[in-house]
Amino acid sequence: MADLVSSEGPAWRAAAREELLQLIDELLYTEKTHLAAAERFSRVHIGLGLTATILATAATATSIARWSVVATALITLSAALVSAVLTFIKPERTAEQHLGAGRQLAALRVRSRQILTLDLGRISE
């Protein structure tokens, strides 16, 4: 039976190779998930920001045009609510965190691939 704890023998290298291949595959999927989440939160941030801006502009326009007080109040309230959601959820910060995690996983995947192709082959049998 091969000793899988020591770095000697082909059994150890085969087990290490298999584990690295599985790790590289899992890193790829996790990296892509983080990058997709970063993209989603970035879109949420842009959507909420544009909505808040449009509502604030509309509130100002209805106030200046002296439209219905109820319409002005509803638009102003909507702008305030969207701005509050944007402030407390902070989708831009969450997007940056996911993007950073995705980049770290990409670097780890590259390093794992280097170990697999360059370093693992140098271990003596």
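The questions and answers below go from the whole chain to single residues.

User: What kind of model is this, and how many helices and strands does the protein chain have?

Analyst: This is a predicted model, in which local features need pLDDT of at least 70 and side-chain atom pairs count only at pLDDT 80 or more, while totals for chains, interfaces and linings use all residues. Residues are numbered from 1 along each chain as its sequence is written, and side-chain values use heavy atoms, with hydrogens and water left out. Helices (H or I, at least four residues) and strands (E, at least two) are DSSP runs numbered from the N terminus. From that end the elements run α-α-α, and the count for the protein chain is 3 helices and 0 strands.

User: How far apart are the end C-alpha atoms of helix H1?

Analyst: Helix H1 covers residues 10–64, which is 55 residues. The expected span is 1.5 Å times one less than the number of residues, so H1 should span 81 Å. The model agrees with this, since the end C-alpha atoms of H1 are 80 Å apart.

User: Is H1 roughly parallel or roughly antiparallel to H2?

Analyst: The axes, which are lines fitted to C-alpha atoms (for helices over the stretch in contact, with angles from 0 to 180 degrees between N-to-C directions), come within 8 Å and cross at roughly 155°. Angles under 35 degrees count as roughly parallel, over 145 as roughly antiparallel, 65 to 115 as roughly perpendicular and the rest as oblique. H1 is therefore, relative to H2, roughly antiparallel.

User: Is threonine 72 buried or partly exposed?

Analyst: Threonine 72 is found in helix H2, residues 69–89. Buried means under 20% relative accessible area, exposed over 50%, and partly exposed in between (1.4 Å probe, protein chains only). Because its relative accessibility is 15%, threonine 72 counts as buried.

User: With which side chain does the side chain of threonine 72 make a polar contact?

Analyst: Not counting residues up to four places away in sequence, threonine 72 touches Ala59, Thr62, Ser63 and Trp67, where contact means heavy atoms within 4.5 Å. A polar contact is a pair of N or O atoms within 3.5 Å; within protein, one must be able to donate a hydrogen and the other to accept it, and residues adjacent in sequence count only if both atoms are side-chain atoms. At 3.2 Å, the partner is the side chain of threonine 62.

User: Where is lysine 90 found?

Analyst: Lysine 90 has a positive phi, near 50°, in a residue other than glycine. Its relative accessible area is 35%, so lysine 90 is partly exposed. Lysine 90 is found in the loop between H2 and helix H3 (91–119).
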